[in-house]
Amino acid sequence: MTTVRLAAPFAGWAARLDEVPDPVFAERMMGDGVAIDPLDGVLRAPADAEVIAVAPTSHSVTLRLANGAELLIHIGLETVGLGGRGFSARVVDGAHVKAGDALIAFDLDSVAEGAKSLITPIVIANEGYRVSLVACDRLVAAGEALMEVIAERATETGTLPVGDDTAVLEVGIPMANGVHARPAARIAATLKPFAAQVSFAAHGREANARSPVALMTLALKHGDNVRITGKGADARAAVTAVAALIETGMGEAHAEPAAVPASPAAAASAQTGPLFRGVRAAPGLAIGPIVQFRATDADVPEQGQGLVHEASALDGAMQALSAELDDAGNGPAGEIAVAHRALLEDPELLESAQTWLGRGKSAGHAWRMATRGQSDAIRATGDPLLIERIADLIDIERRLIARLMGDTAPAMPRLPDRAILIADELLPSQFMALDAARLGGVATARGGPTSHVAILAASAGVPMLVAAGAGVLEIAEGRTAILDADARTLDGDPSSERLQQTSERLLANSARHAAEAAAAADDCIMADGTRIEIFANLASAEEAERAVRFGAEGCGLLRTEFLFLDRADAPSEEEQRESYAAIAAALQGRPLIVRTLDIGGDKPVPYLPFPHEDNPALGNRGVRLGLQKPELLATQLRAILAGVPAAQCRVMLPMIVDAGELRTVRAIFDEAAKTVGLTERVPLGVMIETPSAAILADSIAVEADFLSIGSNDLTQYALAADRGNPAVADRIDALHPAVLRLIAEAARGGAKHGRWTGVCGGIASDPRAAAILIGLGVTELSATAASIPALKAAVRKLSFEDCKALAVRALAAESATEVRALIEGER
């Protein structure tokens, strides 16, 4: 398969990477792709794939697609700093997922509060592939076609015969947390294209490198040395590939060791009175009666009835359980089923069970001994992160034994309404057997926040607290309790006053989102009555409809490139006219600012051949291309003026340097208006993207009807930092005082001639930056659609005088870091 079509992993606003306010993604340092500003809190697989790695903090996931492409999905920007707060992984490394399966659940509100942005880049991280966008600059539904990933070179993954060649390498372990589940899965995944038999040896033990469980039992820590041995015709390549993977650190080489929950004993000793503290596994708040749950192991005969009989019984039970797991469907349950099926097929586990069968033991006893042996080996590592995975082995053990005994579901207690279930530890199959409609929350004495049952709880919207200590097992059955997972507490005997306060919080939380959505439809007016227009960046009629629903008061930037890219020939004038007319209609009379074509060597199209340019950002792009190909520009201008009602229409020119360029285009613009029979005056404005345009804004404003600052390009030009160069990426920040001074100069130049100034770059979507921009003289912000409600809410709290005072301080700052500190100090 050379082409894989990806579906949107969640509903949201699809945007080009250029709009991501982070140069690492906007300049495609991580690879090409698309971005989505999410509307829901569950990230789903965009195609059938293999999970290469879930980030330790669960804020990103890397998938291997069927054509070999490695797809990175990074939820939000600067979210790694949240340390996993607000995220809950639904899959494990090495899992095979189907399109639509849940990968990561996240709390939109919690993540949005702590992250720079919720916008989620979706990029191809390895070479040899290109992308073709199917949906962009518009609202997409979860599961809707988003983009295609096309292999540009043939790959061969055929299985090679095992020969007698042997290769050996010794490497050190650079990962801060050693070889835990994620690195182990990545090692196994790396070996899949190879036929060689590969093993790891350390601490006097040896493990099959294709078995994640076996690798984890080696307990490889940071700084340990491991001997990698391969046997087979492609042994050298296999061993080299694994060694190279390890030496990269897999993104964990410089990370601090992950924080882990306290042991149950420590947690128990820390409790005072009826208030128990634990670790949040799934967010939320609940009030309800306590239900204590205790699970017991089924009794199984130790001795079997003959090897053939017991082996057949075990095989039959495994096939039945495998079929049950295959029918788990999509979502978190399906993801966990994939991981559990992998355990069923683990070669080390199967070999151990067969050994016990060979000793005359029953199928149930053999399976229990095999899983317990693996559990003991993992427990002996002392690694709390690995120990959390023991619950999966126990779950598989109990489910298969239940199959052997003719049972299919665990016996679970009957729940009263809003029940808070307490258990020593809860297994995934036990959680799924509960009556979800009556379950208010879960608290366990043991367990960990990355366990599979935690994933299920988060998916179901059930608050869950883990590692709360043995004391929770003593709370009286039926007592009303408060479970506040976000505060990491379980109050087993709350006062009437606290019950009342918590009830009010529950009501307030549910009302807040509705209030924000309703308020987003109103015009944005600051606390002192100052009017600020909040527009949306768009690229289609569907996006326009979505933006209106989010409260957009117009379109501040219509990217017309969507009509010109990914096709063999240029769109006709009529096709363009129809597209522009449809977008205008979707805006229902609201202003529509259409940017003329902005492509160049960085966005080549087959019907407009470009010579090679070492730096396309400084090359023949934007209005320069339009002036070089005036008929292309004239055709687009005629289509815009004919398609968009004059009362709505505004036209904007990209990459203007001085007033002379604008005057030249004005002549073409006036001729286009005459050709289509337009008599009303349509405003013609410019984008301020170059330092020269910002400095000369007062002279440009004599000719232009409005100014709109493209902060992304203005930043890279002002700071002499190529957004495509990772060596200087950390220097790119639109809040740098140099950039802010250019924005201030542009706004001052526009105001001198009565022209309004807006911002349509990535910084306009950041509510934290709004006060400074307004204080600099900006009166219009054009943002991503999904950010509009929060942006309006932030602006409504501001006063213009306070904004001006903050802007003065920002202009006097020495660095972007200092400016950001000012912003944080105002929050």
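The model is predicted: local features need pLDDT of at least 70, side-chain atom pairs count only at pLDDT 80 or more, and totals for chains, interfaces and linings use all residues. Residues are numbered from 1 along each chain as its sequence is written, and side-chain values use heavy atoms, with hydrogens and water left out.

Visitor: Why is Gln 648 called buried?
Guide: Buried means under 20% relative accessible area; exposed is over 50%, and partly exposed lies in between (1.4 Å probe, protein chains only). Gln 648 has 6% relative accessibility, so Gln 648 counts as buried.

Visitor: Where does Gln 648 lie, and what does Gln 648 touch?
Guide: Gln 648 sits in the loop between helix 19 (630-643) and strand 30 (649-653). Helices (H or I, at least four residues) and strands (E, at least two) are DSSP runs, numbered from the N terminus. Contact means heavy atoms within 4.5 Å. Leaving out residues up to four places away in sequence, Gln 648 touches Ala 584, Leu 587, Gly 589, Arg 590, Pro 591 and Leu 592.

Visitor: What makes Thr 560 buried?
Guide: Its relative accessible area is 0%, so Thr 560 is buried. Thr 560 lies in the loop between strand 28 (555-559) and helix 17 (573-586). Among its contacts beyond four places in sequence are Tyr 580, Val 594 and Gln 636.

Visitor: How do you know that strand 28 and strand 29 pair?
Guide: Two strands pair if DSSP finds at least two bridges between them. Strand 28 and strand 29 have three, in the parallel sense.

Visitor: In what sense do strand 29 and strand 30 pair?
Guide: They are parallel, over four bridges. Val 594 stands opposite Val 651 in strand 30.

Visitor: How do you know that both faces of strand 29 are covered?
Guide: Leu 592 and Val 594 are buried on one side, Ile 593 and Arg 595 on the other. In a regular strand the side chains alternate between the two faces of the sheet.

Visitor: What makes a nonpolar core?
Guide: It is a set of buried Ala, Val, Leu, Ile, Met, Phe, Trp, Tyr and Cys residues joined through side-chain atoms within 4.5 Å. The largest has 102 residues, and Leu 592 is one of those with the most contacts inside it. Helix 20 (residues 659-675) gives the largest share, seven residues.
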